[in-house]
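Here are my notes on the model you sent. They start with the ligand and then move on to side-chain pairs and individual residues.

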Amino acid sequence: MNNYEKYFENNRQLWNKRTPLHRQSDFYNVPAFLESRTSLNKIELEELGDVSGKSLLHLQCHFGQDTLSWARLGAKATGIDLSDASIEEASRLNQQLGLDVTFVQSNVYDLKENLQGQFDVVFTSYGTIGWLPDLEKWAEIIHHFLKPGGTFYIVEFHPVAWMFDDDFQHIVYPYHNTFEPIVTETEQSYTDGSNHEKLKEYGWNHGLGEVISSLTTKGLRLEFLHEFPYSPYNIFRHMVQDENGYWRIRHLENKIPLLYSIKATKPQE
Ligand SMILES: C[S@@+](CC[C@H](N)C(=O)[O-])C[C@H]1O[C@@H](n2cnc3c(N)ncnc32)[C@H](O)[C@@H]1O
C-alpha cells in the first residue's frame with residue numbers, strides 16, 4: 001500500500017481535525033449519548049441482531065459511539081480507527097461510561113500488526129469503505145479477524161449516491177473503482193456547523209460487484225444484500241424526511257438507492 005501512504009496520512013489529519021468538531025456537534029449529540037441514547041439505527045440493530053456475549057470488531061469506528069453502543073447491548077467490543085484524535089476521544093467516552101471497550105489506533109490495512117485475536121462479528125458502517133482504495137485487501141483483513149462461523153455486517157452509503165455532484169443534478173464521479181483517488185476539497189463536514197479550513201479528501205468509490213466479490217473471493221458466504229432508497233442521516237443536500245424519520249433526496253425520492261447492507265458469514269472450517 002506504499003503508494004497510498006500519502007493519501008492515508010492526509011486523511012488521518014483530516015479526521016483528526018474533524019473529531020473535536022464532531023464531538024461538539026448536534027449530529028453526534030454526545031450529552032444524550034452519555035445519558036443513554038444509542039447511536040445505532042434500526043437498520044443495523046435489526047439486521048445484525050443480538051450481539052450480547054459476542055466479541056465484535058468495529059472497523060473505522062471514528063470516536064466510538066457505535067462501538068460503545070454495541071458494548072451497551074452486551075458485546076465485548078473492539079473499535080479501530082486511523083485517527084489518533086478519534087481513538088483518544090473514544091477511549092475518554094469509554095472511561096466516562098465505565099465500559100471496557102478496547103480502542104486501537106490503526107489503519108485497517110495494518111491491523112494484523114496492531115491487533116490479535118478473532119471475533120464473532122466484524123462490523124463497519126456509514127462512510128467507511130470510501131476511504132479505502134483496495135477492497136480485496138480489506139476483505140482479507142475481515143476474513144483474518146473473523147472466527148469460523150462468524151458474521152460480517154456492513155451498512156454503507158450506496159455507490160450510486162456518490163456518483164453525483166453536491167446538488168444531485170449531474171453524474172460527475174465514476175461508479176466503478178478506478179484505483180485513482182477521487183480528490184475533493186472541502187471546508188465542511190457532514191455534521192451541522194462543523195466548518196474547518198479547506199482540506200483535501202482522498203476517496204474511492206466501490207460498486208456493489210466489487211464489494212461482494214471481494215468478500216466472496218476471500219471465502220465469505222453472502223447471506224443478503226439489501227438496498228434502500230433512504231438514509232437515516234441528513235448528510236446530503238436537498239434531503240426531505242419521511243414520517244419514519246428517513247431521509248431521501250427531494251427531487252429523486254425513490255428513484256435512486258442511498259444505502260445498502262450486506263451480511264456474510266465465514267464458513268466453519
Ligand atoms: C465517516 S467516519 C465513520 C463514521 C461512523 N459511522 C460514525 O459516525 O461513527 C470514517 C472514519 O474512517 C476512518 N478512516 C479513514 N481511513 C481509514 C483507514 N485507512 N483505516 C482506518 N480508519 C480509517 C476515519 O478516521 C473516520 O473516523
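1. Please keep in mind throughout that the model is predicted.

2. His 62 places a polar side-chain atom 3.0 Å from an oxygen atom of the ligand. For Ser 125, a polar backbone atom is 3.0 Å from a nitrogen atom of the ligand. At Tyr 126, a backbone N or O atom is found 3.2 Å from a nitrogen atom of the ligand. As for cover, the ligand on its own has 610 Å² of accessible area, and the protein covers 96% of that.

3. Aromatic pairs number 26 in the structure. Take Tyr 4 and Phe 8: their ring centres are 6.4 Å apart and their planes stand at 40 degrees, so this pair is classed as tilted. The cut-offs behind that label are under 30 degrees for stacked and over 60 for edge-to-face, with the rest tilted. Tyr 4 and Phe 8 are both buried.

4. Two arginines sit over aromatic faces. Arg 18 lies over the face of Trp 15, with 5.1 Å to the ring centre. Arg 72 lies over the face of Phe 33, where the distance to the ring centre is 4.6 Å.

5. Phe 168 has a phi near 55 degrees, a positive value in a residue other than glycine. Phe 168 belongs to the loop between strand S5 (146–157) and strand S6 (182–188). Its relative accessibility is 4%, so Phe 168 counts as buried. His 238 also is not a glycine, and its phi is positive at about 60 degrees. The loop that holds His 238 runs between strand S8 (221–228) and strand S9 (239–241). With 36% relative accessibility, His 238 counts as partly exposed.

6. Is Ser 214 buried or exposed? Ser 214 is buried, because its relative accessible area is 3% and the limit for buried is under 20%. Ser 214 is part of helix H8 (residues 208–217). A polar atom of the Ser 214 side chain lies 2.7 Å from the backbone oxygen of Val 211.

7. Asp 134 is in the loop between strand S4 (119–125) and helix H7 (135–145). Asp 134 counts as buried, at 14% relative accessibility. Between Asp 134 and Phe 179 there are 7.4 Å in space, C-alpha to C-alpha, while the two are 45 residues apart in sequence.

8. Lys 255 is placed in the loop between strand S10 (247–249) and strand S11 (259–265). Lys 255 has a relative accessible area of 67%, so this residue is exposed. Lys 255 and Thr 124 are 131 residues apart in sequence, and their C-alpha atoms are 26 Å apart in space.

Note on methods
Residues numbered from 1 in each chain as written. Predicted model: local features only at pLDDT ≥ 70, side-chain atom pairs only at ≥ 80, totals over all residues. Heavy atoms only, no water. Phe/Tyr/Trp six-rings, centres within 6.5 Å; stacked < 30°, edge-to-face > 60°. Buried < 20%, exposed > 50% of the residue type's maximum accessible area, 1.4 Å probe, protein only. Lys NZ or Arg CZ within 6 Å of the ring centre and 35° of its normal. Polar contact = N/O pair within 3.5 Å; in protein donor to acceptor, adjacent residues only side chain to side chain. Areas by Shrake-Rupley, 256 points an atom, 1.4 Å probe, with all protein chains shown as cover. Helix = DSSP H or I, 4+ residues; strand = E, 2+ residues; numbered from the N terminus.
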